Amino acid sequence: MDSCKAIAPSSTANLGPGFDIFGLALDLFYDEIRITKNRSQNRRITISTIKQEEGIKIPSDNENNSTALVVQKMMEDFKINDNIDIEINKGVPPGYGLGSSAASSVATAYAFNQIYNLKIDLYELINYAAEGERASAGIKHYDNVASSMLGGFIIVRMLPRLEFIKFEPPEDLYFVIGIPKIIVPKKKTEAARGILPLNAPLENIITNISNASTIVAGFAYKDVEMIAKGIDDKIVEPARKKMIPGFDKVKEKAMNAGALALTISGAGPSIISILKTDSHSNSIMEAIKEGFAESKIESKVYLCKPGNGVKN
Ligand code: HSE
């Protein structure tokens, strides 16, 4: 096989109190990556982008592109010296907290594994896909890549060794996602991590652990209301919401319109609200748009469900 295509979904990370621990695949946007190998001894990576949303550019140099970082690491580890072409069909809007770099990285790792018949299992591939997160976050984090790879709701364990625990989400879990049209900084995730407090009061840590446990219980019992009850973050959201104009208003209006919970999706600036079934979805979408509009921010809103993982 000289060429292989893979498709990976968008994802949301954190779900409030699960910073760097919770990831959930979203059946909303998809990145499609085609990897083609050309025999040579140059180990050259060439990136081309065949679709991008207007006005949004992803970096195409090897140091700053997620897919190139993944391929570089896999080539080094498996002593592969071919020239590699990476074709990116970008469906996940980059820089908005919807796991855009993760979707590209996951599809890349998956296709590269197949093309060279490396037989790396999906759980181990997550670690390669996480290489791509260095491009936007400056470090590896696993929540988005794990959920984009495996689908469903994922708990990341990092110590003493990397492990992932997967839950199938309840059938009646729906989300309304709001994407505000604001300019995001380059390396946005790194910037959004840079403003986080280094310490937190014990009281807030206890509340967050209690809420995170409630979310896990909600997935275990397939109980949407229980999941939503846990989506209340006392540590990361208060720091990051300052980067999202109108966040409090959006939350208030969405909750009044029937959302069960609302928080920042990953490092933002998108927001994610939780619904049991899709009833109320129109009024929640309207409320989110109105909330942003009060801060003179245009936004796009989408109704979606949890997604499956990477595929060809
Ligand atoms: N857990 C990461 C963060 C997700 O919040 O920085 C980034 O999408």
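At what angle do helix α2 and helix α5 pack, and how far apart are their axes?

A: The model is predicted, and local features need pLDDT of at least 70, side-chain atom pairs count only at pLDDT 80 or more, and totals for chains, interfaces and linings use all residues. Residues are numbered from 1 along each chain as its sequence is written, and side-chain values use heavy atoms, with hydrogens and water left out.

Helix α2 (residues 100-115) packs on helix α5 (residues 143-150) at about 50°, and the axes lie 8 Å apart. Helices here are DSSP runs (H or I, at least four residues), numbered from the N terminus; axes are lines fitted to C-alpha atoms over the stretch in contact, with angles from 0 to 180 degrees between N-to-C directions. The angle makes α2 oblique to α5, since under 35 degrees counts as roughly parallel, over 145 as roughly antiparallel, 65 to 115 as roughly perpendicular and the rest as oblique. On the α2 side, Ala102, Ala103, Ser105 and Val106 meet Asn144, Val145, Ser148 and Met149 of α5, where contact means heavy atoms within 4.5 Å. By class, this contact has five nonpolar, three polar and no charged residues. Ala, Val, Leu, Ile, Met, Phe, Trp, Tyr, Cys and Pro count as nonpolar, Asp, Glu, Lys and Arg as charged, and the others, Gly among them, as polar.

Helix α5 also packs with helix α3 (residues 122-129), at about 140° and with the axes 9 Å apart. This pair is therefore oblique. Leu122, Tyr123, Leu125, Ile126 and Ala129 of α3 contact Val145, Ala146, Met149 and Leu150 of α5. The residues of that contact are nine nonpolar, no polar and no charged.

Note on methods
Helices (H or I, at least four residues) and strands (E, at least two) are DSSP runs, numbered from the N terminus.
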